[in-house]
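Good morning, and thank you for joining. Please take a moment with the sequence and the structure on the screen before I turn to the packing of the chain.

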Amino acid sequence: MPSFVAAALGGLLSLTLAGTAMAQERFSLFVGSATENVMRMVKLADLRDDDVVVDLGSGDGRIVFAAAASNAKLRGWGVDIDAALVTRSNETAKEQGLANRVHFLHQNAFDADLSKSTVIFMWLWPELKRMLRPKILAEARPGTRVVTSTWDLGSWRPDEVDGEGTPVSMWIVPAKVEGNWNWSLPFGDRQASYAAVVEQRFQNAEGVVRVGARRGIFDNVRLRGEDISFTLAMTLDGAGFVRHEFVGKVQGDVIEGSVRISPSPHDKTVVLAWRATRTRDSAYFAPAGLIVPEK
Ligand SMILES: C[S@@+](CC[C@H](N)C(=O)[O-])C[C@H]1O[C@@H](n2cnc3c(N)ncnc32)[C@H](O)[C@@H]1O
């Protein structure tokens with residue numbers, strides 16, 4: 001065989017093998033969760049009447065059935081890549097009189113619509129869970145609880161862990177707060193304009209802010225779902241040293257909430273409405289206008 005044909009065939013073979021390996025990475029076999037772990041996952045999720053739960057890789061449906069049994073109102077669904085397991089799960093739903101609020105789809109977990117579920121269960125091989133992480137963060141609504149057992153989600157640290165035995169962990173999908181945020185607050189007859197720049201990795205956020213030519217740093221930032229809070233202590237021109245405690249809800253490109261301000265220039269602590277909007281550009285980076293003395 002000519003050497004260029006052998007090389008081409010070799011290349012084709014390695015491409016085919018690479019394709020097979022990738023397909024396998026998106027698959028893990030059916031092994032049912034231990035009953036104890038199912039119950040602990042359901043308990044940690046703290047299910048409510050209006051929850052819609054999904055199990056990615058639902059197997060025989062045991063997690064969805066346990067969730068439905070724990071609350072007579074919630075709705076649930078599952079997806080599995082194995083058609084026979086999906087058929088069996090839908091039959092079980094009928095037998096248990098749950099078909100009006102529980103159903104199962106023959107679907108790849110990577111194609112599941114995560115936008116309408118409030119709780120995502122999954123018990124899949126670790127690499128598959130890790131590969132689903134970006135999809136969950138991009139598509140699930142802020143506040144969605146993600147619950148699993150045994151393996152974690154790498155550098156996305158859980159918000160809650162039940163560590164009695166096999167770890168059972170829960171993550172709260174954080175709102176997206178990365179970017180430039182602007183707001184203003186009244187101080188007497190003046191308005192102070194704040195230009196903040198926020199960085200984010202999972203539920204961890206950091207921020208810096210500029211007011212006029214003064215700059216400060218957010219402290220104690222907490223992001224849980226759409227709820228954000230942080231403190232800021234800095235000197236403002238004309239207002240003196242001001243402590244702020246911000247609390248708000250992130251709704252897309254707007255944060256609405258309140259800020260507790262103490263003590264100067266007001267004699268006592270005041271609470272003001274706080275509305276921040278996300279913008280493409282930021283005054284944070286504008287030239288400060290500081291006069292550098294000439295030599
Ligand atoms: C370890 S079992 C867990 C079953 C069930 N969630 C439980 O905890 O008992 C993993 C399940 O995920 C399914 N699965 C594997 N890869 C999948 C994928 N890419 N999309 C949907 N289901 C998948 C398998 O068919 C199997 O039923």
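This is a predicted model: local features need pLDDT of at least 70, side-chain atom pairs count only at pLDDT 80 or more; totals for chains, interfaces and linings use all residues.

I begin with the largest nonpolar core, which has 38 residues; Met41, Val53, Leu56, Val64, Ala67, Ile120 and Phe121 touch the most other members. By nonpolar core I mean a set of buried Ala, Val, Leu, Ile, Met, Phe, Trp, Tyr and Cys residues joined through C-beta atoms within 7 Å. Buried means that 20 or more other C-beta atoms lie within 10 Å of the residue's own, exposed means 12 or fewer, and partly exposed lies in between, with C-beta atoms placed from the backbone. Helix H3, residues 62-70, gives this core its largest share, 6 residues.

Residues are numbered from 1 along each chain as its sequence is written. Helices (H or I, at least four residues) and strands (E, at least two) are DSSP runs, numbered from the N terminus.

Which residues of H3 are buried? They are Ile63, Val64, Phe65, Ala66, Ala67 and Ala68. These buried residues pack against helix H2 (35-45), E1, E2, helix H4 (83-95), strand E3 (102-106) and E4. Another core, of 26 residues, lies apart from the largest one and has Ala196, Val198, Ala205 and Trp274 among its members. As background, nonpolar side chains in soluble globular proteins tend to be buried together.

Let me move to strand E4, residues 119-122. Val119 and Phe121 point one way from this strand, Ile120 and Met122 point the other way, and all are buried. In general, the side chains of a regular strand alternate between the two faces of the sheet. Strand E1, residues 52-56, runs parallel to E4 and is joined to it by 4 bridges; pairing of two strands requires at least two DSSP bridges between them. Ile120 in E4 is the bridge partner of Val54. E4 also pairs in the parallel sense with strand E5, residues 145-149, over 3 bridges. From E4 the chain passes through helix H5, residues 126-139, to E5 in a right-handed β-α-β crossover. Right-handed means that, with the strands pointing away from the viewer, the path from the first strand over the helix to the second runs clockwise.

Next, the ligand. Around it are 23 residues, of which Phe30, Ser33, Gly57, Gly59 and Ala109 come nearest; the criterion is a C-beta atom, placed from the backbone, within 6 Å. H3 and strand E2 (75-80) each supply at least two residues of this shell.

Two backbone details remain. Asp46, in the loop between H2 and E1, has a positive phi of about 50 degrees although it is not a glycine. Asp46 counts as exposed because it has 12 C-beta neighbours inside 10 Å. Thr150, in the loop between E5 and strand E6 (160-162), likewise has a positive phi, near 75 degrees. With 16 other C-beta atoms within 10 Å, Thr150 is partly exposed.

Finally, the protein chain as a whole has 5 helices and 16 strands, and 31% of its 295 residues count as buried.

How values were computed. Two residues are in contact if their C-beta atoms, placed from the backbone, lie within 7 Å.
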